[in-house]
Every structure is written in C-alpha cells, then in structure tokens.
Amino acid sequence: MNKHQQSFTAAKNGPSPATADRIHERRKTPTNILSLDPDIVCTIFALLDMFDLVRCSLVCKLWNAIVESRSLREFCERNIKNSSSAFTEKPWRVILGEMVMEQHRLALLDGGFYVDQWKGHSTTVAQCRMKMGVLGTGVGDKVIRLWSLDSYKCIEEHSMPATFPLIDFDFDESKIVGLIGSHLCIWRRNGKRSIFPSLGGKFVKGSCMRYLDPEAVVGCDDGAVRIFDMYSRRCSQILRMHPVPITCLCLNEDRMIISGSTSGDIRISDPSSVQQVATLRSSDVRGIRTMCFNPSSQLLFAGSAVGCAYCWDLRTRKLLWSNRVCPNVIYSLQHMQNDTSTLVVGGIDGILRLLNQNDGKTVACFSMDDKLLSTFQSPSGSVQRIKGQRLPEDDLINIEHLVCRTDRPSITCLAVGMKKIVTTHNTNDIRLWKFRS
C-alpha cells in the first residue's frame, strides 16, 4: 500500500466531532495532513458528511479554502452516482444537503448499527429532544438534563420544584421551557439558573407543549390551546380547538397551530385570525398520540393509539396514506430536519421502525440484540455498547407477532439526528442508536 492509500485509509471516516473540536480549540493542524497534497485532502473531505465538513472548515485557513474550493465540488460531481446536469446548476450548499440526506437514508436503510445505553436519570425518563448536537431528557424524574452526544457527559442539570411534575419541555441555546403541572417555567441557560413561574400561568391541566420563541403553546385537557408570551410571561390567547382533551401539538413556519385529540381528529388554527382553518380526520376513535410536521415537504405525520400512521399534505389538506405499522400504541414518530424520505416510528412494543415518507411502507425494523459488545466509562458513568439487529422481513408484515417483552421496553419518545436515533423508555436508561453507511 503506497503513502497515498495509507493516508486515504486512515482518514476514510473523517475526524470525530470531539477530535475536530479539540483541534479547533488548540488552533493546531496535524502535520501529516498539512503535508498532504491539497488534491488528496480534497479526496478525503469528499467522504465526509456536511457536519464534519463544517467542523473541518473551522480548523485552519487551508482546510476552509479546500472545503469551499471548486475542486471538491467537481470531485463530488464526478463520483456521485446518477449525477445529472441539474447537479451542476444547484448551489453548493444544496448539493451538500442532498448528499447528507442520502448518506443518512442509506445508513438507516442498509447500514450496520450498535446501541450505546447509559443510566441518565435516577428514576425514569420518558421524553427526549435533540437540538444543535445537544440532547435534552426529562419527564418522570425531578430534573431536566442536557447531554453531549460525543462524550455522554451531562453538561447541564435543572431541578423541578418539589410540588410539580414535569409534563413536557423544549429548549434552545438560551433557555429551557417546561410545562410543570399547571404552570409554565423557564430555566435560563446563560445566567442564573432559576425557575420563573408564568405570572398568568395557572390553567386547566396541560398535556403537551411546543415552544417557538417567543411563544409557548400549551394543549390542555379542556380542548383549548393556550398561547403564552415568554417575555411578559402572560397568557396572550386562548383558542378553543377540540371538545375533548388535546394529546399532541405541532407548529409550522407560519405559526399555524396543529393539534391532535383523544377523538382522533386533528385541527388546524390560525392564531392571527382566531379561526379554525381545517379539520383532518383519522379512522382511529381511540385518538392521535403523536405528530410531527415536515416543513420541507409540507407533510404532516401522525401516530395513533391503535398503531396506525397517517400522512396529510397540508397544502391540499388531503390524506396521502394511512398504514397500520405497529401492533398497538405509537408514542413517537420523527424525522431528521430536511429529510423528505424516511420517518422513524417508536411505540409500545419497543421496536424502531423506518417508514418511507412517500407511501408509509415499513422498510426496516430495528431492535437491540442480547450481545454486549463492550462497556466503557463516560464522564457521567458507565456506558454499555450493545449489538443492534435488523428484524427479518417476515416481522415487517406479521406485526401481530411482535409482542411486548420485558427486555424490550416501550419507546416513549425518540429524536433523530445524522445517522443516529435517541430513544427513551420510561426507565432510567437512555439509548443512542448509531448507524454507519
């Protein structure tokens, strides 16, 4: 093997996020990389995903110039399968985005994977959110924790008041917003870490919440949606959306409010006009349990209490497909931002399912194997690495045989990132499913 091949093989998978961050912090570039011809570095960079390319562009001026160079773009044009003339006409950022989504799709569809599992809470944890490479977990315990998914280190911890249970939460770079009992609370991330009860915060019991700065939207058991301004900490609006309890919420880029209910109906309202825009009806009288909205395709996905998944086009308000994909309750379904091909579903039987967003067909099923690959220490404790397994094709069809098992706890919530999925199970464990192309 010549020097070119050795360098290519060593860097094939690109620097890990932690390695790239350390290099950036020290303002150093490895001398063996600096000594390589720029064409070789360009070839190596062509194998990295968008996030690694961004990190590499911050290491030094040389790497930044290579990432932005036309030679890297031309290399990708020559080597991407099924490339067309339309490829060369697209902006470079669009091309990178499409490449990333294709890598993500192929990794989930055909790649190998393992599961890292650690005890994240002292009692139970039922909810998770993933933003900007940070994982937030809570509900069931008396704390909300934020984690680094590179090191499994708990980077922030925020306590609950003793008298209120946490029902739902969300966060951004400066604050965490939580629905606690019949109050909304704010934890400041960049200053004094204290709780600020909403001044007009008492309301009929809330069941779900979504936050889009500067407003928090709460779905309540009386069928109403209450909108709170996070800066004045007052309820600014009440929308009567359902005659039954609200179970889940979505917000789109136009700040339309989409709410699911125990009756199985989904209603869309416009707060600016205080009018109900549309009603989407499912065939499930036991109710809608979870929803997610894809702004890239304007598709709304929903999971029901009897294991059915639904998809509506919000531009036409038409139902595109509905399929029973789980033997019982679907608790969570999500997709990676800007991904218009795959949808990840988790439910009562503890199986992760991958659906095609276009037709709702199940294309893959995942579970943990019994084989422990290794155990290692993180800053927050012991982490178990467990082998993952793809279920046989027969199991994709005969869903009635996928009964619940004690070693396969229900998936109560999931979050999707680049080639990874985080799941919580109403136990004290957090699981990170890592896929590779």
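In this predicted model, Trp312 is buried, with a relative accessibility of 2%, where buried means under 20% relative accessible area, exposed over 50% and partly exposed in between (1.4 Å probe, protein chains only). Tyr310 is likewise buried, at 2%. Tyr310 and Trp312 form a stacked aromatic pair, with 5.6 Å from centre to centre and 20 degrees between the planes. Rings of Phe, Tyr and Trp (its six-membered ring) are paired if their centres lie within 6.5 Å; planes under 30 degrees apart count as stacked, over 60 as edge-to-face and the rest as tilted.

By this rule, nine aromatic pairs are counted. The ring centres of Phe301 and Trp321 are 6.2 Å apart and their planes stand at 40 degrees, so this pair is tilted. Phe301 belongs to strand E18 (residues 299–304) and Trp321 to strand E20 (residues 318–324), so the pair ties together parts 20 residues apart in sequence. Strands (E, at least two residues) are DSSP runs, numbered from the N terminus. Phe301 is buried at a relative accessible area of 0%, and Trp321 is buried at 7%. Ring pairs also link Phe113, Phe366, Trp433 and Phe435 into a cluster.

The charged end of Arg129 sits over the ring of Phe169, 5.3 Å from its centre. For such a placement, NZ of Lys or CZ of Arg must be within 6 Å of the ring centre and within 35 degrees of the ring normal.

Residues are numbered from 1 along each chain as its sequence is written.

Definitions and conventions: This is a predicted model: local features need pLDDT of at least 70, side-chain atom pairs count only at pLDDT 80 or more; totals for chains, interfaces and linings use all residues. Side-chain values use heavy atoms; hydrogens and water are left out. Helices (H or I, at least four residues) and strands (E, at least two) are DSSP runs, numbered from the N terminus.
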